[in-house]
Amino acid sequence: KRVIKMSTRSVSGERNRGFRSPEWQTGPPTSRNSSSDKAPYKRISEGGPKSEEEEASSQGLIISFCLMLLVGSGNKVFQKLQTLPMYNYPNFLNLLTTFMYIPLSFLYILPVAKFNLLNGSISPEQLSLPKTPFAIMGFLDCLAGIMQIFAATYLPGPLLILLSQMAIPVSMILSKNMLNATYRPYQYVGACVVALGIIVVLSPSLNDSSTQTCQAYDVDKYCSICEDVTEESACDAQVSDEGSICHWDTAQSSSSQLLIWAGVMVVSCVPMTLSSIYKEKALGDTELDPVFLNGWIAVFQFAFSIPLAVPAALAGQPPIYPGELWGNLKGGLKCWVGGDSIDNGCNPDDCDLAPLFVNVYLLFNVSYNILIILILKFGNANILWLAMTIMVPVGNLTFALPFMKDYGGSSLQPTDIIGLFVIMGGLCLYRFGASAWNRFFGAAEEEMENDDGTKPLLSPVTEEVNRTRRLSSEEPEKVGGIGRVGKSF
């Protein structure tokens with residue numbers, strides 16, 4: 001999942017494994033809005049003739065919105081595609097996508113700080129801040145990033161996109177208990193509907209159990225032969241000069257594995273949300289350049305990812321033991337440039353497309369973050385939420401296209417379609433449900449304030465830089481991932 005971490009009062013926002021998941025940055029503000037956010041803003045959409053500046057802003061918003069749909073959907077799809085040729089190397093992929101954000105960030109930070117560029121957006125006060133809060137956020141992002149990249153490797157693409165929406169109810173629970181955040185009734189209903197949709201999608205796996213499968217005595221030599229056999233008699237008939245090579249036995253079903261990794265993906269929302277909440281508590285209203293903030297977080301995230309690669313590797317399929325880790329990382333580097341290292345076992349390397357899929361994902365993720373900044377500059381809350389909402393079904397349905405079956409896609413099952421509709425209903429209610437809820441149930445005028453989405457997300461230039469990376473704890477459900485550069489989950 002990276003995706004831009006916003007400043008404390010930000011209204012927007014899903015990797016870092018290096019990146020943050022864009023789709024996690026999703027939701028209208030809670031009632032913890034500060035009074036400064038209620039100041040009057042000039043609306044691009046106001047009536048009357050538009051100045052050249054307003055006309056340029058309107059055109060920029062339209063272009064940014066269309067590009068956001070294209071790039072954001074591509075970001076979601078390639079988040080999964082990059083893991084297909086890199087299946088045996090999730091640890092390397094995590095380290096790569098985390099590390100890549102460091103030079104990208106400091107190519108901006110160093111000249112801006114040294115030469116006082118961009119109206120001094122990186123001030124001496126920012127440079128003198130203690131780095132302990134950045135280290136704590138980097139550690140929390142590291143935990144989330146590792147869980148996300150491993151889950152992305154072993155989960156189907158469509159399910160990966162839908163599971164990321166669980167960040168909404170998870171973050172609501174944490175923010176309510178830790179920050180005393182107050183949500184409106186329609187937001188609670190929307191979050192519950194999203195959770196219900198996830199259960200619908202997972203329901204076939206919930207009803208499955210361990211099954212009898214054909215397994216190889218020597219996995220390295222005969223796994224590919226035995227795993228294709230579906231009948232017990234045919235399994236027992238597989239022999240070589242050494243004797244029988246396969247046996248029919250009870251194994252943990254793929255559905256059980258799917259539920260485990262789905263749980264890992266959901267649990268990854270916890271450290272990601274805690275990172276945002278800690279930022280609120282530790283830095284308060286401190287104004288920080290977003291690239292400066294996330295560049296330093298990336299440094300610590302990468303530093304923590306190195307020792308945590310050892311226990312993370314043991315969770316892989318198959319597990320990589322400490323003595324094999326260095327060889328696995330070298331194999332991942334070789335795979336990234338298109339070379340195979342593993343030619344046996346159940347998942348031999350097929351790295352021909354790794355340079356394309358991994359680098360295109362990095363490009364999409366960087367572009368996605370830039371587009372978030374542009375929409376925040378030219379647009380309003382509903383524009384950003386609308387784009388993020390549309391990307392969920394677009395990315396999900398892309399995997400159902402016929403040509404995607406060789407790239408992690410699959411045909412839609414009835415529960416997939418029903419679950420997608422339920423989740424979309426919950427997202428729409430959560431993000432855009434204020435007017436409908438108030439029409440049916442009534443609401444105080446105070447609760448209606450700022451719900452129409454017409455107030456621009458950014459105040460004048462002085463606040464613009466500070467509203468672009470870590471999401472406000474006023475809207476912790478928008479913290480995200482699979483992003484920063486590398487993890488836009």
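Biologist: Before we start, what does buried mean here?
Modeller: Buried means under 20% relative accessible area. Keep in mind that this is a predicted model.

Biologist: Fine. How many disulfides does the structure hold?
Modeller: The structure holds 4 disulfides.

Biologist: Take Cys214 and Cys235. Are both buried or exposed?
Modeller: Both are buried. Their sulfur atoms sit 2.2 Å apart.

Biologist: Where are Cys214 and Cys235 in the chain?
Modeller: Cys214 is in strand E1, residues 211-216, and Cys235 is in helix H11, residues 232-236. The two are 21 residues apart, so this pair links distant parts of the chain.

Biologist: Why is the disulfide of Cys214 and Cys235 right-handed?
Modeller: Because the torsion about its S-S bond is about 85°.

Biologist: Next one. What is the S to S distance for Cys226 and Cys246?
Modeller: It is 1.8 Å. That link is left-handed, with -80° about the S-S bond. Cys226 lies in helix H10 and Cys246 in strand E4, so the pair ties together parts 20 residues apart in sequence.

Biologist: Is Cys246 buried or exposed?
Modeller: Cys246 counts as buried, at 1% relative accessibility. Cys226 is buried too, at 1%.

Biologist: And Cys223 with Cys346, how far apart are the sulfur atoms?
Modeller: They are 1.5 Å apart. Cys223 lies in helix H10 and Cys346 in the loop between helix H15 and helix H16, so the pair ties together parts 123 residues apart in sequence.

Biologist: What about accessibility there, for Cys346?
Modeller: Cys346 counts as partly exposed, at 32%. Cys223 is buried, at 7%.

Note on methods:
Residues numbered from 1 in each chain as written. Predicted model: local features only at pLDDT ≥ 70, side-chain atom pairs only at ≥ 80, totals over all residues. Heavy atoms only, no water. Disulfide = S-S within 2.5 Å. Helix = DSSP H or I, 4+ residues; strand = E, 2+ residues; numbered from the N terminus. Buried < 20%, exposed > 50% of the residue type's maximum accessible area, 1.4 Å probe, protein only.
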